[in-house]
Amino acid sequence: MIRGGFDLFARISVEESWVILTSGNKVVYPSQGPCLIGSVIKKDIDGMPVSFYRLALLDDSGGELFVPVDKAQTIGIRPLLNMSDIPKVLGLLKEPPGTYGDWKQRANDNFKLLNSGSAFDLAEVVKSLTELSEKRALSFRESRTLEKARKLLIGEISEVMEETKSAAEERINIALKARKSESS
């Protein structure tokens, strides 16, 4: 049931896929992770009534996001992965990473991947920075990027598989170890 009488389709990918934002559904907000859609609320902004979707973060922080209904199409909200996509994401972690490039290009690439909202892009960041961390110490910024990408990926896998975050993290660790043993 949609609260507040709003029934909005938000674009979630280049292929013009759409997701219905309905109270009670789970979605992924780029760079924030899985969220539960709450009610539509109205607030006065500069004297004008504006409707917002209330999204509750599912990362144990208790945080909330308020997304303007009229902007929801452009921010990249997407549905959670399908359960059938989890082996594909984990399989990606098992593949060797691409080239590293210089630190500046790597930082730009990782920033774009992290903010894309794609679980497959998060897996690329986790894979490449994990591989790099095994060769040398990561910079503070790279360490934070790896930590955030892992957190977001763990959160989504946990929600999709309906398991604890530690179980989802173990799936990721096993996939990354498989990469390491296959390349030896």
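Glu169 and Arg150 form a salt bridge, with their closest N and O atoms 3.2 Å apart. This pair ties together distant parts of the chain, since Glu169 sits in helix H5 and Arg150 in helix H4, 19 residues apart. Keep in mind as you look around that this is a predicted model. Arg150 is buried at 16% relative accessible area, whereas Glu169 is partly exposed at 32%.

That bridge is one of 11 salt bridges in the structure. Another joins Glu64 and Arg54, whose closest N and O atoms are 3.7 Å apart.

Now turn to helix H3 (residues 119–135), where Lys135 and Glu131 lie four residues apart, about one turn of the helix. Their side chains meet in a salt bridge at 3.5 Å, N to O. Lys135 is exposed at 56%, but Glu131 counts as buried because its 16% relative accessibility falls under the 20% cut-off. Elsewhere, Arg106, Arg136 and Glu142 are linked in a salt-bridge network.

Finally, have a look at the backbone in two loops. Asp60, between strands E5 (48–57) and E6 (64–68), has a positive phi of about 70° although it is not a glycine. Glu162, in the loop between helices H4 (140–161) and H5 (165–183), also has a positive phi, near 50°. Asp60 is exposed at 70% relative accessible area, and Glu162 is exposed at 74%.

Conventions. Residues are numbered from 1 along each chain as its sequence is written. This is a predicted model: local features need pLDDT of at least 70, side-chain atom pairs count only at pLDDT 80 or more; totals for chains, interfaces and linings use all residues. Side-chain values use heavy atoms; hydrogens and water are left out. Buried means under 20% relative accessible area, exposed over 50%, partly exposed in between (1.4 Å probe, protein chains only). A salt bridge is a side-chain nitrogen of Lys or Arg within 4 Å of a carboxyl oxygen of Asp or Glu.
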